[in-house]
Amino acid sequence: MFTFVALAALTLPAADGWKDLTGDPAPALEAKKWLNAGSTLPSLEELRGNVVLLEFFATW
Amino acid sequence: MRKVGDLSKLHAKYFDLGLRVVAITSEPSEIIEEEMLRSKKVKYWIGCDPENKTMDAYKEKGSVGIPKTYLIDASGRVVGDEIPTEEQLQQLLEAGFDGSLLPALHADLGPARTAYVRGAFGEAWKSAQVMASSQDEALGKDAAFLKGRVEAYAKFLQGLAESSLQKKMPGRAYGLWLALAHRFEGTEAARAAQAKLKELKSDPSVKKELGAWRDFETVLERDVKPPGAWKADAIRTSYEKVARANAGTWAAWFAEDSAKKLARR
């Protein structure tokens, strides 16, 4: 039973439609335009040593 | 947008200590500038990603629930999907100051980098300070970065020391200020720490452990400013001895912590 549940967790996407990436290297951050960042390019390479709180959002 | 206030608070409080709040949206920048920057005065970074390039890398195919959070540690790994507690955040921020996470720097900063890696942050700061005004633009930029890293770490430790005092842990505060006084020697933070140490010496719980603190300080001095070549193993053994001889004191806790950090190197 335990094995079955574990397998299911591996093969089904997370219920909210987002990947569970815990433990994985974070995918790159890309944007057409950055606001508030000044001359800094918020790439993860550039942000090494910093902790990043990443939030996907919409205003609607 | 229930989280705008929370994220803004975290950004304001922890930006200087190494937190980057990064928000990504698929909406056009005109809307975001009006809704977020002008009306909500948001200061954290916002990426407008109309083609969903970033989102596609994080979501499975199909519908997505927004907002969604990812927490990424200083080495670039995803460590959670919730806004962290302040305690969790502080642990993650401190890990970010580890020398192993320093990016590649200009070759002339080699000695400064070595000093940083072995925890002699004042030495690293002083040599970076000299090079920060270099004519060589690449060197100047890297030197300013390293100097900024040291200053941010000092600020982080000052904050921890202050909050330790507020939480009635003068022993923990004393150990943090000792680290600031020695490891950041030559910086403003070290001078400020010296004054704090003097003040705190009259605290009864610190007074009781002054012998243990002296043992620890002797090794710390050798660690930061070795009389000869710096040898990690010899210093680690000395820290371990201090920890054993003073078991149960805050000094022993710091000695053990220093030994552990050396073992990881």
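This is a predicted model: local features need pLDDT of at least 70, side-chain atom pairs count only at pLDDT 80 or more; totals for chains, interfaces and linings use all residues.
Colleague: Which residue in β1(B) is the bridge partner of L54(A)?

Modeller: β2(A) and β1(B) run parallel and are joined by six bridges. Within β1(B), the residue that partners L54(A) is V22(B).

Colleague: In which sense, parallel or antiparallel, do β2(A) and β3(B) run?

Modeller: One bridge to look at involves E55(A), whose partner in β3(B) is T69(B). Five bridges join β2(A) to β3(B), and the sense in which these strands run is antiparallel.

Colleague: Which strands stand at the edges of the sheet, each with a single partner strand?

Modeller: Six strands form an open sheet with mixed pairing, in the order β1(A)-β2(B)-β1(B)-β2(A)-β3(B)-β4(B), and the twist from one strand to the next averages 30 degrees. At one end of this order, β3(B), residues 68-72, pairs with β4(B) in the antiparallel sense over two bridges, and L71(B) stands opposite G80(B) there. Each edge strand has a single partner, so one of its sides is left without a neighbour in the sheet, and the strands in this position are β1 (33-35) of chain A and β4 (78-80) of chain B.

Colleague: What angle does the direction of helix α1 of chain B make with that of β1(B)?

Modeller: Helix α1, residues 4-14 of chain B, packs on the sheet, where it touches both β2 (51-56) of chain A and β1 (19-25) of chain B. The direction of α1 of chain B makes with that of β1(B) an angle of about 145 degrees.

Colleague: By class, how many residues in the contact of α8(B) with α9(B) are nonpolar?

Modeller: The axes of α8(B), residues 170-183, and α9(B), residues 188-200, come within 8 Å and cross at roughly 145 degrees, and the crossing is left-handed. Among the residues that meet are Y174(B), W177(B) and L178(B) from α8(B), and A193(B), Q194(B) and L197(B) from α9(B). By class, this contact has one polar and one charged residue, and the number of nonpolar residues is twelve.

Colleague: What is the mean pLDDT of chain B?

Modeller: For the model as a whole, the scores are ipTM 0.84 and pTM 0.86. In chain B, 98% of the residues reach a pLDDT of 70 or more, and the mean is 93.

Technical notes:
Residues are numbered from 1 along each chain as its sequence is written. Chains are lettered from A and ligands numbered from 1 in the order in which they are written. Axes are lines fitted to C-alpha atoms, for helices over the stretch in contact, and angles run from 0 to 180 degrees between N-to-C directions. Helices (H or I, at least four residues) and strands (E, at least two) are DSSP runs, numbered from the N terminus. A crossing is left-handed if the near helix is turned anticlockwise from the far one by less than a right angle, and right-handed if clockwise. Two residues are in contact if their C-beta atoms, placed from the backbone, lie within 7 Å. Ala, Val, Leu, Ile, Met, Phe, Trp, Tyr, Cys and Pro count as nonpolar, Asp, Glu, Lys and Arg as charged, and the others, Gly among them, as polar. Two strands pair if DSSP finds at least two bridges between them. pLDDT is the predictor's confidence in each residue, from 0 to 100.
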